[in-house]
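Reader: I would like a close look at one part of this model. Please keep the account plain.

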Amino acid sequence: MANIKTEMKLAPSAWHQIGWLIGFIVLCFAAAALGGMATSSSVGDWYQSLAKPEWTPPAWIFGPVWSMLFLMMAIAAWLVWRRNGWAAAKLPLGLFAIQLALNVGWSVIFFGLRSPGFAFVEILFLWLAIAFTTKSFWNHSRLAAALMAPYLAWSTFAAFLNLAIFRLDS
């Protein structure tokens, strides 16, 4: 009887799941806040002075888009954790943490250091990290991978925008 109990995997309680969902949301929005602090140091003056391609989105669009993307990322990570637990999800959640750190790093490099060239190199690593995370999430939860897809698409667009700004201002 003891062996049967130890082999059974119990699902986390609803409160436990809600707690971790909130934790993933807090983690993602903490990363967003760190990136926002780096961004705020330059967005009002330096960024406005840069030459940008005509297809640059209006400034007001970035906040809502990034907010939605960070929420979707949090839900995706939570889904992977919820389905597999920490032990089975070490790799995808580790990749998730790496891409989240690289996301913050891009803001620090582009806006904080005011270095579009170095930021472009960094965003290539970020893009790869997002792609690997999304692939890894796919192996655990297809819904989680689907929630990461808009982030990958937006980051692809951001990489092209970053490159265009770098080329126009070099």
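Is Ser136 buried or exposed, going by its relative accessibility? Please go on from there to the aromatic rings.

Author: The model is a predicted one. Ser136 has a relative accessibility of 7%; the limit for buried is under 20%, so Ser136 counts as buried. Ser136 belongs to helix H6. Once neighbours within four places in sequence are set aside, Ser136 has contacts with Leu91, Pro92 and Leu95.

Next, the aromatic pairs. The model has 19 aromatic pairs. One of them joins Phe96 and Phe137, whose ring centres are 6.0 Å apart and whose planes meet at 20°. Planes under 30 degrees apart count as stacked, so this pair is stacked. Phe96 is part of helix H5 (residues 90–112), while Phe137 is part of helix H6 (residues 116–138), so the pair ties together parts 41 residues apart in sequence. Phe96 and Phe137 are both buried.

A further stacked pair is formed by Trp106 and Phe110, at 4.8 Å centre to centre with 20° between the planes. Trp106 and Phe110 lie in helix H5, 4 residues apart, which means that about one helical turn separates them. Trp106 is buried, as is Phe110.

Trp106 and Phe110 also belong to one aromatic cluster together with Trp46, Tyr47 and Phe111. At Tyr47 there is a charge to note: the charged end of Lys52 sits over the ring of Tyr47, 4.5 Å from the ring centre.

How values were computed. Residues numbered from 1 in each chain as written. Predicted model: local features only at pLDDT ≥ 70, side-chain atom pairs only at ≥ 80, totals over all residues. Heavy atoms only, no water. Phe/Tyr/Trp six-rings, centres within 6.5 Å; stacked < 30°, edge-to-face > 60°. Helix = DSSP H or I, 4+ residues; strand = E, 2+ residues; numbered from the N terminus. Buried < 20%, exposed > 50% of the residue type's maximum accessible area, 1.4 Å probe, protein only. Lys NZ or Arg CZ within 6 Å of the ring centre and 35° of its normal. Contact = heavy atoms within 4.5 Å.
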